[in-house]
Amino acid sequence: MTKPLLVAENISKYYDGRVACEKVNFELWPGEVLAIVGESGSGKTTLLKCLSMQIAPNAGRVLYSLRDGRTESLSDLSEAERRFLMRTDWGFVHQDPREGLRMGVSAGANVGERLMAVGERHYGRIRSTALDWLNRVEIAGDRIDESPRNYSGGMRQRLQIARNLVTAPRLVFMDEPTGGLDVSVQARLLDLLRGLVRTLGLSVVIVTHDLAVARLLSTRILVMQQGKVIETGLTDQVLEDPQAPYTQLLVSSVLQV
Amino acid sequence: MTTGYNFAYLNEQTKRMIRRALLKAVAIPGYQVPFASREMPMPYGWGTGGVQVTASILTPGDTLKVIDQGADDTTNAVSIRKFFVRTAGVATTEETEKASIIQTRHRVPEASLREDQILVYQVPIPEPLRFLEPRETETRKMHALEEYGIMHVKLYEDIARHGHIATAYAYPAKVNGRYVFDPSPIPKFDNPKLDDCAALQLFGAGREKRIYAVPPYTKVTSLDFEDHPFSVQKWEEPCALCGSTTTYLDEIILDDKGKRMFVCSDTDHCRKAQEKAA
Ligand SMILES: Nc1ncnc2c1ncn2[C@@H]1O[C@H](COP(=O)(O)OP(=O)(O)OP(=O)(O)O)[C@@H](O)[C@H]1O
Ligand SMILES: [Mg+2]
Ligand SMILES: [Zn+2]
């Protein structure tokens with residue numbers, strides 16, 4: 001019997017009485033990739049932060065299906081449980097990899113950190129797992145001891161992904177993961193992400209203002225405008241046959257480019 | 001003893017406040033207890049944290065020993081000893097066995113300590129997590145939730161860079177299976193002496209306003225990896241003065257041609273060993 005991995009119920013967040021996102025509802029099923037799209041300021045990042053408990057919503061709740069089968073409202077978990085969830089069962093890929101990496105330590109330590117956080121105490125095993133993950137994100141193994149400061153933007157982003165995936169999380173949140181990169185680097189990263197999502201069966205919530213990214217990666221899409229979800233559905237359907245006038249505008253503006 | 005001071009310089013109210021912090025520290029081994037550190041008539045970096053702890057536990061009947069890097073005759077040790085002679089009129093000694101309170105910077109005496117002794121450490125930086133996590137609110141949370149993974153990130157970096165754990169001083173350890181702490185900048189050679197020690201061990205950080213403790217007979221475990229176990233410094237040669245092969249040795253440069261020798265850093269212990277041999 002399957003059930004949703006995550007359920008957003010009436011999520012609302014206001015800043016000084018102004019709407020950042022309002023009454024958002026959706027279900028995320030295991031293995032599903034949900035894209036949140038919309039123009040700048042429409043509340044995408046705010047929603048993602050509410051879902052991943054980085055900020056507390058003013059109203060609504062997020063239900064999550066834990067590994068042990070229980071479904072809990074995230075706000076009911078203790079802080080210890082929440083933080084444990086964040087570094088084991090979840091990943092978070094930031095647009096700016098410097099926010100998601102420890103720039104002061106080597107690439108190997110960046111990948112190994114989560115393993116050590118869950119109690120791995122064998123250096124040789126940590127190192128071989130880190131090497132394996134660098135390989136999977138197409139970073140040469142002989143760069144394992146280098147600081148990510150020496151890495152290019154694309155490499156940093158791939159390192160950030162490896163660092164998150166090493167504990168085999170079930171759910172990964174991504175905020176504009178290809179945002180700061182130039183086009184050819186973006187394409188390579190998207191290919192890599194698509195491959196990982198498929199082979200690992202990851203569930204993903206990805207924020208992007210780029211409909212091409214949504215088309216390539218996501219199964220379902222959620223279109224936001226001024227903090228509200230104005231359209232939702234299967235990505236292919238929504239992009240083929242957008243219903244809301246705003247979505248039609250978004251889609252046609254992309255097609256014209 | 002100079003009159004005009006309260007006994008051991010600090011007023012009674014301050015001492016009571018510090019003693020309360022000490023009791024809490026003893027009750028929660030390895031936990032850093034905040035305290036209202038006072039200005040002392042010496043600069044930070046001169047052990048004001050240790051001095052405040054010593055001042056708060058000192059009684060007229062105590063015999064005080066003060067060491068810096070294992071020696072009783074360095075400037076820092078001499079001035080702290082003088083300070084307590086002047087303000088408390090207590091007896092002092094250079095012999096570890098005769099001291100009831102030993103204040104130290106950078107070393108643990110070689111002689112094993114007894115239940116009727118207290119070791120007071122001067123601590124510059126009490127927070128072992130700080131090097132990777134500068135935010136105080138976050139490090140407190142990490143201690144509260146026992147999130148100590150990043151301590152191993154530091155050791156991992158050591159091995160990746162040097163092939164072995166190169167951290168030689170202020171080597172992090174876990175107290176009583178719970179709190180990870182910084183044993184102050186003692187050499188890791190001394191870490192095993194903290195484990196199951198008969199004496200009460202108190203740690204004072206003046207500038208950082210923290211006190212912590214290891215009660216007698218408490219487990220202190222140095223962090224390591226299964227395949228890179230904790231080990232202490234070793235020397236190729238014995239102490240040039242007493243012949244000891246079991247003590248922590250300092251290298252002394254004898255001339256500008258590179259002539260050098262290794263001698264015990266614990267001067268009292270070395271002198272005793274020489275007397276015994278003679
Ligand atoms: N910390 C904050 N304080 C006040 N207002 C905020 C804060 N964070 C976001 N907002 C406001 O909430 C609204 C939604 O912002 P959000 O960052 O979620 O948009 P976004 O869709 O992610 O935009 P972008 O595509 O530019 O990243 C905006 O009006 C923004 O100014
Ligand atoms: Mg955003
Ligand atoms: Zn000697």
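How much area is buried between chain A and chain B, and what share of it do carbon and sulfur atoms give?

1. Basis. This is a predicted model, in which local features need pLDDT of at least 70 and side-chain atom pairs count only at pLDDT 80 or more, while totals for chains, interfaces and linings use all residues. Residues are numbered from 1 along each chain as its sequence is written, chains are lettered from A and ligands numbered from 1 in the order in which they are written, and side-chain values use heavy atoms, with hydrogens and water left out.

2. Chain A against chain B: area. The two chains bury about 1900 Å² between them, 58% of it on carbon and sulfur atoms; buried area is the accessible area (1.4 Å probe) that two parts lose on being put together, summed over both. On the chain A side, A:Arg83, A:Arg121 and A:Tyr123 lose the most area to chain B, together 39% of what that side buries. Chain A brings 21 residues to the contact and chain B brings 19 residues, where contact means heavy atoms within 4.5 Å.

3. Five salt bridges are counted between the chains, a salt bridge being a side-chain nitrogen of Lys or Arg within 4 Å of a carboxyl oxygen of Asp or Glu. One salt bridge joins B:Lys141 to A:Glu79, at 3.2 Å from N to O.

4. Domains of chain A. The assignment, which is automatic or from a database, gives domain 1 (26–55 + 74–89 + 172–257) and domain 2 (100–168) of chain A. Their centres, taken over C-alpha atoms, are 25 Å apart. The contact takes 15 residues from domain 1 and 15 residues from domain 2 of chain A.

5. Domain interface. About 1300 Å² is buried between domain 1 and domain 2 of chain A, with 66% of it on carbon and sulfur atoms. In domain 1, A:Arg87, A:Arg188 and A:Leu192 lose the most area to domain 2, together 37% of what that side buries. The count of salt bridges between these domains is one. A:Arg188 forms a salt bridge with A:Glu138, with the closest N and O atoms 3.2 Å apart.

6. Helix 1 of chain A. Six of the eight residues of helix 1 (residues 44–51) are buried, among them A:Lys44 and A:Cys50. Buried means under 20% relative accessible area, exposed over 50%, partly exposed in between (1.4 Å probe, protein chains only); helices (H or I, at least four residues) and strands (E, at least two) are DSSP runs, numbered from the N terminus. Just after helix 1 of chain A, A:Met53 has a positive phi of about 65 degrees.

7. B:Gly204. This residue lies in strand 8 (residues 200–205) of chain B. B:Gly204 counts as buried because its relative accessibility is 1%. Leaving out residues up to four places away in sequence, B:Gly204 touches several residues, including B:Gly49, B:Tyr121 and B:Arg210.
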